[in-house]
Structure formats: C-alpha cells, structure tokens
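Dear colleague,

I am pleased to hand over the structure that follows. Please look through it first, and then read the findings set out below it.

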Amino acid sequence: MVAWAETARRLERWLLPAECVTCAAPITTARESLVCAVCRLRWRVVEAPNCARCGESLPLGLGCRICIDWPPDLGPVRSAVQLDAITRPLVHRFKYQGWWRLSADFAVRMAPMLAQLGPGDLVPVPLGRARQRQRGFNQAEALASALAALSGRAVRPERLARMRETPSQTRLTPEERRANLSEAFQAGSVSHVPVILVDDVFTTGATLCSAAEALLDAGVPQVAAITFARAGLPLAGEPRRL
C-alpha cells in the first residue's frame, strides 16, 4: 500500500507541470525538485572569510560582533547560502505560503555542512502553537526531516519545546530580539547527546542563542546549528529583515 505522502506527490506531479518555481523552466532530471539546477547554482554562499564560530562573513577581517556574547558551548553555526534577491522569495514561499517541499532543495545545499558541526541529534527550532497552526507546519522541522533523509542523522524535536508565543521579530533590532526571546524555550527529553539546531534563516542569532541556553542549562554538552540562509549584517541599531 502506497503511503499517503507518496500518493500526494504522485497527484501533485500529475496536476502540476514539473517546472522551476524561480524561472519556470522545465525540470526533467529531478522529479522531486522544485528549483532547477541553473537556479540553484545562482544561490550565493556566505562570503568568506567567515567567523569560525558563528559563520558570519567578515570581509574586512575585523573581529566578529555577532557571537561575542554567546554561551561558550554554542557553535559552530553554519548557513548554506546568503539571503538575497534570489533566495529571499523562495524562503518567503517556504515559510509563509506552505511550499514545504522546498525543504528538499534547501537540504541538498545544507547537508554537506553537517560534517563541520560534529555529531549530534537534529533538533528543529520549535514554533509557537498559534504560529504553527497558522502556517500549517514548522519549516524548521521540515528542513530537519529533509536533512535526516540525506544524512541518516536522527531528528529529535522532543528535545526542545517552545514555552511561549513571541511577537514577530522581523523589524526588531538585535537587542530587542534577545529580549523578545528570553526564556522562550525549554529543554525537553533529557539526553547528553550533542544537539544540532536546525532553522531556515540566521538573522542575528538571537533565536539560536535562546534555544541553546535552554539546552545547555539542561546538561547538553554542546549545541551547534545549521540554517539554509543567512541575512546580511545590518548597520548598528538596524534590524535585519526577511
């Protein structure tokens, strides 16, 4: 008996043409892909040199100001691509419009970076209940599942819980984001296996830092993280935007 997910994919392929969601070119090689190979080549990596800990681009060779106040056992953090005019519309569709199957394309670029993060369970950053009901799914959990399918690593969403809803952070400064997320997370099932947090976009690192603090306080020895995209570094006092 064919699983319902496979049935849904077959129905989708029958109803919808196999074309790239970015350029509308036909996709003939990878039936499950939503983005063609040419458009994926246009996804820019985060510009080197990078901070060894948080992965932030440091083009001027200056010290990193993103992770200076992070907990000592948080890192490394890596992002597969830069959030720009090409990837931003895709992330928006994925996150806000229910295009959950983009997680498979995103995970292909993320998976090779897992080797830089060491061992650990994949733990998606949880959404608040209201926001998950609104979106219909947790985009971080979709990414973690896609990464697990490629890497064979375990996905353990029960290791981290969201304790309260938080207002949207889109227009908040880095300082406001940290305050907004204070005590927003709590460690779930007790385990001393390291954790690799999974999320869609790295903005200021406030979400990952808050989640990592909850895990580290519960005895997790090391927390690393991986995201698909990374937003550009804002000017002092300015918010990053999705």
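In this predicted model, the largest nonpolar core has 37 residues, of which Phe 106, Met 110, Ile 226 and Phe 228 touch the most other members. A nonpolar core is a set of buried Ala, Val, Leu, Ile, Met, Phe, Trp, Tyr and Cys residues joined through side-chain atoms within 4.5 Å. Buried means under 20% relative accessible area, exposed over 50%, and partly exposed in between (1.4 Å probe, protein chains only). Two or more residues of this core come from each of strand 1 (74-82), helix 3 (87-96), helix 4 (102-110), helix 6 (139-151), strand 5 (195-202) and strand 6 (223-230). Helices (H or I, at least four residues) and strands (E, at least two) are DSSP runs, numbered from the N terminus. With six residues, helix 6 gives the most to this core. A second, separate core has 28 residues, including Ile 66, Ala 187, Leu 197 and Ala 211.

A note on conventions is in order. Residues are numbered from 1 along each chain as its sequence is written, and side-chain values use heavy atoms, with hydrogens and water left out. As this is a predicted model, local features need pLDDT of at least 70 and side-chain atom pairs count only at pLDDT 80 or more, while totals for chains, interfaces and linings use all residues.

For the protein as a whole, there are eight helices and six strands, and along the sequence they follow the pattern α-α-β-α-α-β-α-α-β-α-β-β-α-β. Of the 242 residues, 46% are buried.

Helix 4 deserves attention. Its buried residues are Leu 102, Ser 103, Asp 105, Phe 106, Ala 107 and Met 110. They pack against helix 2 (37-41), strand 1, helix 3, helix 6, strand 5 and strand 6.

How do helix 3 and helix 4 cross, left-handed or right-handed? Their axes come within 10 Å and cross at roughly 130° (axes are lines fitted to C-alpha atoms, for helices over the stretch in contact, and angles run from 0 to 180 degrees between N-to-C directions). Helix 3 is therefore oblique to helix 4; angles under 35 degrees count as roughly parallel, over 145 as roughly antiparallel, 65 to 115 as roughly perpendicular and the rest as oblique. The crossing is left-handed, a term used if the near helix is turned anticlockwise from the far one by less than a right angle, with right-handed used if clockwise. Here Leu 90, Val 91, Arg 93 and Phe 94 of helix 3 meet Leu 102, Ser 103 and Phe 106 of helix 4.

Helix 4 also packs with helix 6, at an angle of about 55° and with the axes 8 Å apart. Helix 4 is therefore oblique to helix 6, and the crossing is right-handed. In this pair, Ser 103, Ala 104, Phe 106, Ala 107, Val 108 and Met 110 of helix 4 meet Ala 142, Leu 143, Ala 146, Leu 147 and Leu 150 of helix 6.

Finally, Phe 94 lies in helix 3 and is buried, with a relative accessible area of 0%. Leaving aside neighbours within four places in sequence, Phe 94 is in contact (heavy atoms within 4.5 Å) with residues including Trp 99, Trp 100, Phe 137 and Asp 200. The C-alpha atoms of Phe 94 and Arg 135 are separated by 9.9 Å, the two residues being 41 apart along the chain.

Yours sincerely
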